[in-house]
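Subject: Predicted structure with ligand, handover and findings

Hello,

Here is the structure I promised to pass on. Please open it alongside this message. My notes follow below.

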Amino acid sequence: MARVLVAYATKHHSTAEIAEAIADELRARGHAAEAAEAGHATADGFDAVVLGSAMYLGRWRREARHFLAHERQRLEALPFWVFSSGPIGEQKADPSPEDEKWIEPRKVVEQVEELGAREHVVFGGRVPDDPGNFVERSLLENTPEEFRDLRDWDEIRAWAGRIADTLPA
Ligand SMILES: Cc1cc2nc3c(=O)[nH]c(=O)nc-3n(C[C@H](O)[C@H](O)[C@H](O)COP(=O)(O)O)c2cc1C
């Protein structure tokens, strides 16, 4: 059994729900997993880490970027996995390099690769359903209902299952 921290950064909670689902799946597979806000979490005392953030304007949330900076040395010494959550609305079948800039946090991916992350994946996001400003409100109004929540729980749980399989039983 491994002790796994699932640290996340969110603004409108949808990434927190992804982190909870990952932790839940890890627990179902016999590990001691705990989801926690990246701003209040440390990797100290854990055997493995999953770190995830919502994407805003092509970047990770600050709390996740800070976690990466502060926990650098611990992460280097641990198995760790990374996810971003973001894409909403109707998705293009073949995104251009320009589109990719908004989907993948390029600098973060470079940093985590340097630190030895096992994998970085992108999960669909959810349009904020409690819009706090004009941009969020217009996003909600202009996104057809069927494209507002692109989180694929089977995909998320399958990824967590693959992580569980690589950790010591
Ligand atoms: C102002 C704004 C900017 C966004 N920018 C991006 C972006 O650059 N790339 C992306 O993939 N998603 C972007 N999104 C979508 C969010 O990442 C998505 O809604 C995510 O699920 C929000 O996560 P949270 O609920 O954990 O805060 C943006 C959303 C808003 C409201």
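Start with Leu57. Leu57 sits in the loop between strand 3 (48–56) and strand 4 (59–60).

The model is predicted, so local features need pLDDT of at least 70 and side-chain atom pairs count only at pLDDT 80 or more, while totals for chains, interfaces and linings use all residues. Residues are numbered from 1 along each chain as its sequence is written, and side-chain values use heavy atoms, with hydrogens and water left out.

**Backbone**

Back to Leu57. Its phi is positive, about 50°, although Leu57 is not a glycine. Most residues other than glycine have a negative phi. Leu57 counts as exposed, because its relative accessibility is 76%. The classes are buried (under 20% relative accessible area), exposed (over 50%) and partly exposed (in between), with a 1.4 Å probe and protein chains only.

His13 also has a positive phi, about 80°, and is not a glycine. Find His13 in the loop between strand 1 (3–9) and helix 1 (14–28). His13 has a relative accessible area of 44%, so it is partly exposed.

**Ligand**

Which residues come nearest to the ligand? They are Thr10, Thr15, Met55, Gly58 and Trp102, out of 22 residues around it. A residue counts as near if one of its heavy atoms lies within 4 Å.

- Thr15: a polar side-chain atom lies 2.6 Å from an oxygen atom of the ligand.
- Trp102: a polar backbone atom is 2.6 Å from a nitrogen atom of the ligand.
- His13: a polar backbone atom is 3.4 Å from an oxygen atom of the ligand.

On its own the ligand has 640 Å² of accessible area, and the protein covers 90% of that. These areas come from the Shrake-Rupley method with a 1.4 Å probe; for residues, only the protein chains shown count as cover.

Thr15 belongs to helix 1. Thr15 is buried, because its relative accessible area is 0%. Beyond its neighbours within four places in sequence, Thr15 contacts residues including Tyr8, Gly52, Ala54 and Phe83. Contact means heavy atoms within 4.5 Å.

**Cores**

In soluble globular proteins, nonpolar side chains tend to be buried together. The largest nonpolar core here has 24 residues. Val4, Ile22, Leu26, Val50, Phe83, Phe123 and Trp159 have the most contacts inside it. Such a core is a set of buried Ala, Val, Leu, Ile, Met, Phe, Trp, Tyr and Cys residues joined through side-chain atoms within 4.5 Å.

Two or more residues each come from strand 1, helix 1, strand 3, strand 5, strand 6 (119–123) and helix 7 (153–166). Helix 1 gives the most, with seven residues. Apart from this core lies another, of 23 residues, among them Ala9, Leu78, Val108 and Val112.

Trp159 is worth a click. Its contacts, leaving aside neighbours within four places in sequence, include Ile22, Val50, Phe83 and Phe123.

**Salt bridges**

How many salt bridges does a search of the whole structure find? It finds 16. A salt bridge is a side-chain nitrogen of Lys or Arg within 4 Å of a carboxyl oxygen of Asp or Glu.

Take Arg157 and Asp24. Their closest N and O atoms are 2.9 Å apart. Arg157 is in helix 7 and Asp24 in helix 1, so this pair ties together parts 133 residues apart in sequence. Arg157 is partly exposed at 29% relative accessible area. Asp24 is partly exposed too, at 35%.

Glu25 bridges to Arg29, with closest N and O atoms 3.0 Å apart. Glu25 counts as buried at 13% relative accessibility, whereas Arg29 is partly exposed at 41%. Asp24, Glu25, Arg27, Arg29, Arg157 and Asp165 are linked in a network of salt bridges.

Last one: Asp44 pairs with Arg74, at 3.8 Å between the closest N and O atoms. Asp44 lies in the loop between strand 2 (32–37) and strand 3, Arg74 in helix 3 (residues 72–77), 30 residues apart.

Best wishes

Notes:
Helix = DSSP H or I, 4+ residues; strand = E, 2+ residues; numbered from the N terminus. Polar contact = N/O pair within 3.5 Å; in protein donor to acceptor, adjacent residues only side chain to side chain.
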